[in-house]
Amino acid sequence: MIKRLFDFFVASICIIVLIPLFFILYFLILWHIGQPVFFVQMRPGLQGKPFLLYKFRSMTNKKDAKGNLLSDAERLNIFGRFLRASSFDELPTLWNVIKGDMSLVGPRPLLMEYLPLYNKNQKRRHEVKPGITGWAQVNGRNAISWKKKFDFDIWYVDHHTFWIDLKIIALTLKKVFLREGITESGQVTMSKFTGNTK
């Protein structure tokens, strides 16, 4: 109950305070990336229950001559890179926190297609609500392997407390400021998870 009240209060205050920034980013995304401004995708939440995740879109819709979307590297322009480096693309997920789909802190909500690929231990990451940030994010973010990410997620499931959440939020602000671990080495985005049965 304390965690939920804290999430709702902080997310609500952040949205109110950041309304001017939301409007500025909205029009900048329209100009540099185009429509739609928001990226909306189904993600697994608590106990794997699907919910709609909201983010600012950071990649264009550029396609090849056959109408197929280009690679992530080709669709991520300079402004999109700025959105990701600053984590401004994550701001709309505050609405997911207010709705109760997510928490400020928890394992990051990954793709629905990953659900059948998790082993028994990895599935435990869904025993808590997904978060905007988490223990894996402050211990390497996208610069660490999938195995390490899941290990950090399960550690959080087993050890999370209100005080650990506050520590993670403080460390997240530091990571965002220093722009650490934004992408996997040699990649513009994190490589896809292909399964791990061990």
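## Confidence

Across the chain, confidence is lowest in helix 3 (residues 72-75), where the mean is 84, and highest in strand 2 (residues 50-56), at 98. The model is predicted. Its mean pLDDT over the chain is 91, and 93% of the residues reach 70 or more.

## Helix 1

Helix 1 has 16 residues, which should span 22 Å at 1.5 Å a residue; the end C-alpha atoms are 22 Å apart, in agreement with this. The buried residues in helix 1 are D7, A11 and S12. Seen down the helix axis, the buried residues of helix 1 fall within an arc of 115 degrees, so they line one face of the helix. An α-helix has 3.6 residues a turn, so residues three or four places apart point the same way.

The face of helix 1 turned away from the buried side carries I2, L5, F9, I16 and V17, which are exposed. Helix 5 and strand 3 are among the elements that cover the buried residues of helix 1.

## Helix 7

Helix 7 (residues 162-178) is made of 17 residues. From its first C-alpha to its last, helix 7 reaches 25 Å, close to the 24 Å expected at 1.5 Å a residue. Its buried residues are I164, D165, I168 and T172. These cover an arc of only 95 degrees around the axis, which puts them on the same side of helix 7. On the other side of helix 7, the exposed residues are W163, L173, K174 and F177.

After helix 7 comes R179, which has a positive phi, near 55 degrees.

## S87

S87 lies in the loop between helix 4 (78-86) and helix 5 (93-99). With a relative accessible area of 14%, against a cut-off of under 20%, S87 counts as buried. Leaving aside residues up to four places away in sequence, S87 touches R141 and V176.

Rolling a probe the size of a water molecule over the atoms shows where empty space is left. A search of the whole structure finds 1 cavity of 30 Å³ or more. The largest cavity has a volume of about 40 Å³. Its lining consists of P44, P107, R108, P109, R125, H126, V128, K129 and P130.

How values were computed:
Residues are numbered from 1 along each chain as its sequence is written. This is a predicted model: local features need pLDDT of at least 70, side-chain atom pairs count only at pLDDT 80 or more; totals for chains, interfaces and linings use all residues. Side-chain values use heavy atoms; hydrogens and water are left out. pLDDT is the predictor's confidence in each residue, from 0 to 100. Helices (H or I, at least four residues) and strands (E, at least two) are DSSP runs, numbered from the N terminus. Buried means under 20% relative accessible area, exposed over 50%, partly exposed in between (1.4 Å probe, protein chains only). Contact means heavy atoms within 4.5 Å. The expected span of a helix is 1.5 Å times one less than its number of residues. The arc is that of the directions from the helix axis to the C-beta atoms. On a 1 Å grid over the protein atoms alone, a cavity is a set of points where a 1.4 Å probe fits but cannot get out, and a pocket is an open set with protein on both sides within 12 Å along at least five of seven lines; lining residues have an atom within 4 Å of a point. Grid points are joined across faces, edges and corners, and a volume is the space filled by probe spheres set on the points.
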